[in-house]
Each structure stands twice: as C-alpha cells, then as structure tokens.
Amino acid sequence: MIKWNDTYKIGIGNIDSDHKKLFDIFFKIKNSNESGDVVEVITGIHELESYTNYHFSREEAIMVASEYKDYKIHKVSHDHFKHIIDCTVSLLMEDINYVNIGVLIGRLEDWLINHILKADMRYTSCFHDFFRSEFISESCVTA
Ligand SMILES: [Fe+2]
C-alpha cells in the first residue's frame, strides 16, 4: 500500500497537504475494502470524489492566476479523473456489485501517483515563481 513521502512533495504547503489527504482517503478506502466494510468503502469513494473536486479547483485557480502554459492539458487530465469517479459513484448507487473496488482503487491510485510525479511536478517552478513574485500566500511555498 502506498504511503506519502517526500518524493511526492511539490513544495507548496496547501497542495502538499491536499495530496497527503488524498493518500489518506485511499488508505481508508483500501482498509475498508479489505475488511469488507461496504458502507465505509462507499463513504470513502464519495469523500474521494468531493476532495478531488476541491483540490483540482485549487490547482486550476493557481494555474489560471499564474498563467501556467500547460493549464489546458492539465485540466483535461483532471476532468478525465473526475469523469471516472463520477461514473463509479453512479454505478455504486445502482449496485455495488457492478464495481470491482480493489481494481478500481488500484487504478485510481496509480493515476494519482503518476499525476503528482509527472504532471504536477511540471508546474512547481511556475507556481513557486508566481507566489514569490506576487507575494500571495508566500508562506505556502515550502521549498
Ligand atoms: Fe493536478
């Protein structure tokens, strides 16, 4: 099971804490799934859906404000992930047996790790420059 470590650190406090929170949510869903607690699995997936929406909005707002050049392609990636979760929630509402939770969580987790390590890492210097030049939430920049 994956755990948060400094490899995933962007160096922007609010974004790093969002990412840590997403790791925590995955951890909870996996534990609930392994112990067969269907109610907690569904609760966790709803939490994942709402927290990713919150987190992606935060990242996208900074991308727009900082005029990040790859904003559009990054947003497509976020929208793709949101679409998968939205579809999953719809299926779960129909019948939990429609979804192989173990496989689903593994795929979403792989997506998150790849996304942080590749797509999110690409915006770090742009975000750092933005916060430093604008003196906006400078305390957010931790590296
Ligand atoms: Fe992102």
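**Before starting**

I am looking at a predicted model, where local features need pLDDT of at least 70, side-chain atom pairs count only at pLDDT 80 or more, and totals for chains, interfaces and linings use all residues. I count residues from 1 along each chain as its sequence is written.

**Entry 1: helix 1**

Next I looked up burial (buried means 20 or more other C-beta atoms within 10 Å of a residue's own, exposed 12 or fewer, partly exposed in between, with C-beta atoms placed from the backbone). In helix 1 I found Ile15, His19, Leu22, Phe26, Ile29 and Ser32 buried. They cover an arc of only 145° around the axis, so they sit on the same side of helix 1; the arc is that of the directions from the helix axis to the C-beta atoms. On the face turned away from that buried side I noted the exposed residues Ser17 and Glu34. Just after helix 1, Gly36 has a positive phi of about 75°.

**Entry 2: helix 2**

Helix 2 covers residues 38–65, and its 28 residues reach 41 Å from first C-alpha to last, close to the 40 Å expected. Its buried residues are Val41, Gly44, Ile45, Leu48, Glu59, Ile62 and Met63.

**Entry 3: what does helix 1 pack against?**

Which helices do the buried residues of helix 1 pack against? I found helix 2 and helix 4 (101–122).

With helix 2, the angle is about 165° and the axes are 9 Å apart. Axes here are lines fitted to C-alpha atoms, for helices over the stretch in contact, and angles run from 0 to 180 degrees between N-to-C directions. Helix 1 and helix 2 are therefore roughly antiparallel (an angle over 145 degrees). Among the residues making the contact (C-beta atoms, placed from the backbone, within 7 Å) are Asn14, Ile15 and Leu22 of helix 1 and Val41, Ile45 and Leu48 of helix 2.

With helix 4, I read an angle of about 165° and axes 11 Å apart. That makes helix 1 roughly antiparallel to helix 4. The contact includes His19, Phe26 and Lys30 of helix 1 and Ile105, Glu109 and Leu112 of helix 4.

**Entry 4: Glu67**

I then followed the chain past helix 2 to Glu67, in the loop between helix 2 and helix 3 (71–94). Phi of Glu67 is near 55°, a positive value in a residue other than glycine. Most residues other than glycine have a negative phi. Is Glu67 buried or exposed? Glu67 is exposed, because I find 9 other C-beta atoms within 10 Å.

**Entry 5: two more residues**

My next stop was His83, which is found in helix 3. His83 counts as exposed because 10 other C-beta atoms lie within 10 Å. His83 and Ser32 are 51 residues apart along the chain, and their C-alpha atoms are separated by 23 Å.

Finally I checked Leu108, in helix 4. Leu108 counts as buried because 20 other C-beta atoms lie within 10 Å. Leu108 and Phe26 are 82 residues apart along the chain, with their C-alpha atoms separated by 8.9 Å.

Note on methods. Helix = DSSP H or I, 4+ residues; strand = E, 2+ residues; numbered from the N terminus. Expected span 1.5 Å × (residues − 1). Contact = placed C-beta atoms within 7 Å. Parallel < 35°, antiparallel > 145°, perpendicular 65-115°, else oblique.
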